[in-house]
Amino acid sequence: MIFDIITIFPEMFASVFSGGVVRRAVDKGLMEVRVHDLRDYTHDRHRQVDDRPFGGLEGMVFKPEPVFRAVEALRGSAPARVVLLSPQGRKLDPRLAEDLAGCPRVILLCGRYEGVDERIVESLIDEEISIGDYVLTGGEPAAVIVVDAVSRFVQGVVGREESVRHDSFAEGRLDFPQYTRPRDFRGMKVPQVLFSGDHARIGRWRLKKALEKTLARRPDLLDRILTPEEREILEEIRNERKEQ
Ligand code: SAH
């Protein structure tokens, strides 16, 4: 899995990818993250990548020429999915992250200023991806988030596949609460059931806690087909609430 990031601020990526899971994945050869300076694809003395928008508005937009040149050069002969980071794109979610993890190569184009010339959107890129309904000053932080979220789905990157499976959203609900030592911290005790050694009981308790949280914070996630066990536990939670 290779990411090619096109940016006018290549130095922004050095520290974020110098540690953690992405770094380990790169060291293990499971992923590659290459960063390319868009200005290397300009031909003028000022290495200009932007220009004033037609129609007379404030601000600047990315010119088509350097961006087309960069993407075409990187695309070369090997197939790649070309993505523009944009608040107008499809919102990143686990399904999209997993889908991208299955691509051998993804080119991420980071916009700046007022955005990019629309011909880039119409004729060059395959899709636009947004990281949420807010506007950033540039696509770089969004690219970092995409690489990070996708890395967790690349085979072998996250040590135990299990942890990805029960993380929030993976099964259409939020994750269950976790505890570690000490058993008693300033009078706050770890729930007794976790010491029982009874894995079926622990499993059911975790599912119940996950469903309680999901119901309280993200009930929208439960608008899906529930398993019989989930349905039974949700019923139990609702009955307990009524009693209170
Ligand atoms: N005028 C544009 C926003 C430009 S912001 C509009 O309103 O649609 C400058 C750049 O930041 C964009 O080109 C994009 O690459 C990046 N960006 C801003 N918000 C983003 C978001 N929510 N998700 C992904 N990229 C974003």
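The model is predicted, so local features need pLDDT of at least 70 and side-chain atom pairs count only at pLDDT 80 or more, while totals for chains, interfaces and linings use all residues. Residues are numbered from 1 along each chain as its sequence is written, and side-chain values use heavy atoms, with hydrogens and water left out.

Start with helix H3, residues 94-101. Helices (H or I, at least four residues) and strands (E, at least two) are DSSP runs, numbered from the N terminus. Leu96, Ala97, Leu100 and Ala101 of H3 are buried. Buried means under 20% relative accessible area, exposed means over 50%, and partly exposed is in between (1.4 Å probe, protein chains only). These four residues cover an arc of only 140° around the axis, which puts them on the same side of H3. The arc is that of the directions from the helix axis to the C-beta atoms. What covers them? The cover includes strands E5 (81-91), E6 (105-109) and E7 (127-130), along with helix H5 (140-151).

Next come the charged pairs. Side chains of opposite charge can pair when their charged atoms come close. A salt bridge here is a side-chain nitrogen of Lys or Arg within 4 Å of a carboxyl oxygen of Asp or Glu. By this rule there are 23 salt bridges.

One of them joins Arg34 and Asp4, at 3.4 Å from N to O. Arg34 sits in strand E2 (residues 32-37) and Asp4 in strand E1 (residues 2-7), so the pair ties together parts that are 30 residues apart in sequence. Arg34 is partly exposed, at 30% relative accessible area. Asp4 is buried, at 0%. Arg34 also meets Glu32 in a salt bridge, at 3.0 Å from N to O. Glu32 is partly exposed, at 37%.

Arg119 and Asp117 form another salt bridge, with their closest N and O atoms 2.8 Å apart. Arg119 is partly exposed at 46%, whereas Asp117 is buried at 16%. Elsewhere, salt bridges link Arg204, Lys208, Glu232, Glu236 and Glu240 in a network.

Finally, look at His166. This residue lies in helix H6 (residues 161-166). His166 is partly exposed, with a relative accessible area of 25%. Which residues does His166 touch, leaving aside neighbours within four places in sequence? They are Glu171, Asp175, Phe176 and Gln178. Contact means heavy atoms within 4.5 Å. Glu114 is 52 residues from His166 along the chain, and their C-alpha atoms are separated by 39 Å.
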